[in-house]
Amino acid sequence: MGKLDQKWLVVISVITGTFTVILNNSMLNPVLPELMKIFDTDAVGVSWILTIFMISMGMTMPVTGFLGDRYGKKKIYIIGLSLFAFGSLLGAVSQWLSMVIAARTIQGIAGGLMMPNAMALIFQAFPRNERGYAVGIYGVSAMVAPAIGPTIGGIIAENFAWYFLFLFNLPFAFLGIYFSTKYLISTKPDLSRVFDWKGFVIITAGVGAVLYVLGQGRNFEHALSWMNLGIFIIGLILIIVFIKYELKLESPLLELSVFKVKTYRYSIIATSAASIGLFANLFLLPYLVQEAFEWSLVKTGLLFLPSALASGAFMTLGGRILDRKGPKLVVPTGLIILTFASLMFGFVDLSTSYWMLLAINIIHGLGLGFGNMPATTAGMNAIPDHLVAQGSAMNNLIRQISSSLGIVIFSVYYEIRRGQYMLFDELSVQEATLQAINEAFILVAIIVAISIPFAYKMKGIQELEKE
């Protein structure tokens, strides 16, 4: 294979693995009610199938950069993908809910090892002026998988036994392992790296506590409990302690020095805002469609697919523009479009047609395509190559926390405001749902708009090379 072919085989290899991880997570979401019946449990019990994945992945990410540097990114990525296959097999043979949760824990650890290293492996294979397009192609999987996952999960649940939701992963995981073993480029291990056990304990406990509360917070009844608030505060304190501790070390677990690079900092702000916009949309829109408009699950699923495809197309185009013109043209434009689409959702009413909602959601997808992955790529391009794995791990972790925090904020806001409209204004369920979701989308627009000035401050590789 020629040099160009080898670079793109790297992208194909990591897409095969990471697409499977993202798809599996979104496949399970719509079938949780069915799993409640199968395992004879309540909503809180079955919600751990999603929550434990998020927690274990988040707790693994802080150490992934170190492991990739110490033992080689290719090796850690393949170990992660192998763990995911094992977790899928364990999930398929599970007899009790506790076994399924254990399987999902293993899958989460696997995802935490894979996702940061996937980006680092692509950056290693491509020169800086080609990374935008490569990451754009890779990012398509991150957008399409959540859109088609619920549909695939629903089809499997309706036509096959529940354990096929896990067996479905295995062919793709084994294919990913084959491609990764054959085509990924090995990196030289840095045997001088020393593992920071104290920092590891502090950050995993802190991140675990924060993500635990955010996972519980999706259930409105648990979101505002004093216990959860206390755990959340403890988690934040541990993260602050970790930051102060790491800054004193010569060989830290996480190289926090990357935050001294302004473009990387600004990219984190932009991608966090875009992630909030994405996950708020994924949370709020189904309520709008099903409870306010009283349309079917099929219509809900079809609403997301064109948006995901548009997002993927513009992510690729945005990557091209980033490589040639830098981030100032593409990233702010994406965030402006995303703000506009969120505002449009904020002013729909019960007379709005399905096709209008579809059009607005496609515009929303276009904004995400321009504003998300190109911002990530620009930020990663700004840091030294030897810190890419570290920067990718922190980018993924912060995005995970911000998206989870966004879902909690908007779920609590939605429940409170809808209840107020029904209780005090005596609106119907449809009207109250619509009003609460309108307000929530306007709030999303404000959050995304705040990040736009930071996106304009980001620098491309051409500007960075002149400094």
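Arg70 counts as buried, at 19% relative accessibility. The cut-off for buried is under 20% relative accessible area, so Arg70 falls within that class. This holds for a predicted model. Arg70 sits in helix H3, which covers residues 43–71. Beyond its neighbours within four places in sequence, Arg70 is in contact with Pro189, Asp190, Leu191 and Arg193.

**Salt bridges**

The count of salt bridges comes to eight.

| Pair | N to O distance |
|---|---|
| Asp69 and Lys73 | 3.7 Å |
| Asp385 and Arg131 | 3.3 Å |
| Arg418 and Glu415 | 3.8 Å |

Take Asp69 and Lys73 to begin with. Their side chains meet in a salt bridge. Both residues are buried.

Asp385 and Arg131 also pair through their side chains. Asp385 lies in the loop between helix H16 (373–381) and H17, while Arg131 belongs to helix H6 (residues 131–159), so this pair ties together parts that are 254 residues apart in sequence. Asp385 is partly exposed, with a relative accessible area of 45%. Arg131 is buried, with a relative accessible area of 4%.

Arg418 is buried at a relative accessible area of 16%. Glu415 is partly exposed at 26%. Elsewhere, salt bridges that share partners join Asp69, Lys73 and Arg193 into one network. Arg193 is also one of the contacts of Arg70.

**Helices H17 and H18**

Two packed helices are described by the angle between their axes and the distance between the axes. Helix H17 (residues 388–424) packs on helix H18 (residues 429–456) at an angle of about 140°. Their axes are 8 Å apart. That angle makes H17 oblique to H18. The crossing of the two is right-handed.

On the H17 side, the contact is made by Phe410, Tyr413, Tyr414, Arg417, Arg418, Tyr421 and Met422. The H18 residues include Val429, Ala432, Thr433, Gln435 and Ala436. Also among them are Ile437, Glu439, Ala440, Leu443, Val444 and Ile447. By class, the contact of H17 with H18 has 13 nonpolar, two polar and three charged residues.

**Helices H12 and H16**

Helix H12 (residues 262–292) packs on H16 at an angle of about 160°. Here too the axes are 8 Å apart. Angles over 145 degrees count as roughly antiparallel, so H12 is roughly antiparallel to H16. H12 passes H16 in a left-handed crossing.

From H12, the contact draws on Thr263, Tyr264, Ser267, Ala270 and Thr271. From H16, it draws on Ala375, Thr376, Ala378, Gly379 and Met380. The residues of this contact divide into five nonpolar, five polar and no charged.

Technical notes: Residues numbered from 1 in each chain as written. Predicted model: local features only at pLDDT ≥ 70, side-chain atom pairs only at ≥ 80, totals over all residues. Heavy atoms only, no water. Axes fitted to C-alpha atoms, helices over the stretch in contact; angles between N-to-C directions. Helix = DSSP H or I, 4+ residues; strand = E, 2+ residues; numbered from the N terminus. Parallel < 35°, antiparallel > 145°, perpendicular 65-115°, else oblique. Left-handed = near helix turned anticlockwise from the far one by under 90°. Contact = heavy atoms within 4.5 Å. Nonpolar A, V, L, I, M, F, W, Y, C, P; charged D, E, K, R; others polar. Salt bridge = Lys/Arg side-chain N within 4 Å of Asp/Glu carboxyl O. Buried < 20%, exposed > 50% of the residue type's maximum accessible area, 1.4 Å probe, protein only.
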